[in-house]
Amino acid sequence: MGTSTHNLLTPTEVARLLIVSPVTVRHWSQQGKLKARLTPGGHRRYSLEEVSRFALEHGIDIKRQLNERSRVLVISAESGLFNHLQECLASVAGQLSLAQAANGFEAGLMLHRFKPELIVLDVDNVKLEPIEVIRQLKADASMRNIHLIVFASDCSKESITLALRHGADACMSQCNAWDKILTPLGITQ
């Protein structure tokens, strides 16, 4: 095929990452769900990017097998929330990678560059509607498994209640509810 097989995974390595049997990996390949490359000898090999795409689309968490940090994107025009979350989550800092976007444009760029697993949306300081953010995330197969926590001064607002009904994981009004951030990521303190 002319494609280098360096840094490609065998069906057995993919099976370990996805916690399935190698036969299942081969079936997914045959069904076109998981794209493989063929070596000159006819053996299947998988790029980590393709395996990650597949895992994300199917809600399979492979970051622990890869020893990766969970990625959290904070969307807030105020750096105070970002700094406060860093302080609150210091005890698990080795398991998290935090990034901030100050507006909708930066958030869109960060979704593709940073690839967060969780978004904390500060609705008091960013002009984004939580329901629209949820709709956009759920409409894209590569983003529909991203968790969303709404950070608001008043979690009883109608717009927040609607966001929770439409798929937001939780609403936080203070940083002392850090478990709402850690639970969707599978992190315990």
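Residues are classed here as buried when their relative accessible area is under 20%, as exposed when it is over 50%, and as partly exposed in between (1.4 Å probe, protein chains only). The structure is a predicted model, in which local features need pLDDT of at least 70, side-chain atom pairs count only at pLDDT 80 or more, and totals for chains, interfaces and linings use all residues. Residues are numbered from 1 along each chain as its sequence is written, and side-chain values use heavy atoms, with hydrogens and water left out.

The protein chain contains eight helices and eight strands, where helices (H or I, at least four residues) and strands (E, at least two) are DSSP runs numbered from the N terminus. The C-alpha trace spans about 60 × 35 × 25 Å along its principal axes. Of the 189 residues in the protein chain, 37% are buried. With contact defined as heavy atoms within 4.5 Å, 60% of the contacts between residues at least 6 apart in sequence join residues at least 24 apart.

Three strands form an open sheet in the order E1-E3-E2, with antiparallel pairing; two strands pair if DSSP finds at least two bridges between them. Strand E1 (8–9) and strand E2 (37–38) stand at the edges with a single partner strand each, so one side of each lacks a neighbour in the sheet. E2 and strand E3 (residues 44–47) run antiparallel and are joined by two bridges, with Arg37 opposite Arg45 in E3. Helix H3 (residues 48–57) packs on this sheet, where it touches E1 and E3, and its direction makes about 75° with that of E3. For such angles, axes are lines fitted to C-alpha atoms, for helices over the stretch in contact, and the values run from 0 to 180 degrees between N-to-C directions.

In helix H5 (residues 104–113), the residues Ala107, Met110 and Leu111 are buried. Viewed down the axis of H5, the buried residues fall within an arc of 105°, so they line one face of the helix; the arc is that of the directions from the helix axis to the C-beta atoms. Phe105, His112 and Arg113 are exposed on the other side of H5. The cover over the buried residues of H5 includes E4, strand E5 (96–101), strand E6 (118–122) and helix H6 (130–139). At the N-terminal end, H5 is capped by Asn103, which has a side-chain oxygen 3.0 Å from the backbone nitrogen of Phe105. Lys115, which follows H5, has a positive phi near 50°.

Ser76 lies in the loop between strand E4 (70–75) and helix H4 (79–88). Its relative accessibility is 0%, and Ser76 therefore counts as buried. The side chain of Ser76 makes a polar contact with that of Asp122 (2.7 Å). A polar contact is a pair of N or O atoms within 3.5 Å; within protein, one must be able to donate a hydrogen and the other to accept it, and residues adjacent in sequence count only if both atoms are side-chain atoms. Leaving aside residues up to four places away in sequence, Ser76 touches Leu81, Gln100, Ala101, Ala102, Asp122, Asn125 and Val126.

Taking a disulfide as a pair of cysteine sulfur atoms within 2.5 Å, the count comes to one. The disulfide is formed by Cys155 and Cys171, with sulfur atoms 2.0 Å apart. The torsion about their S-S bond is about -80°, so the disulfide is left-handed. The pair links distant parts of the chain, 16 residues apart: Cys155 is in the loop between strand E7 (147–151) and helix H7 (158–165), and Cys171 is in strand E8 (residues 170–172). Cys155 counts as partly exposed at 25% relative accessibility, whereas Cys171 counts as buried at 8%.
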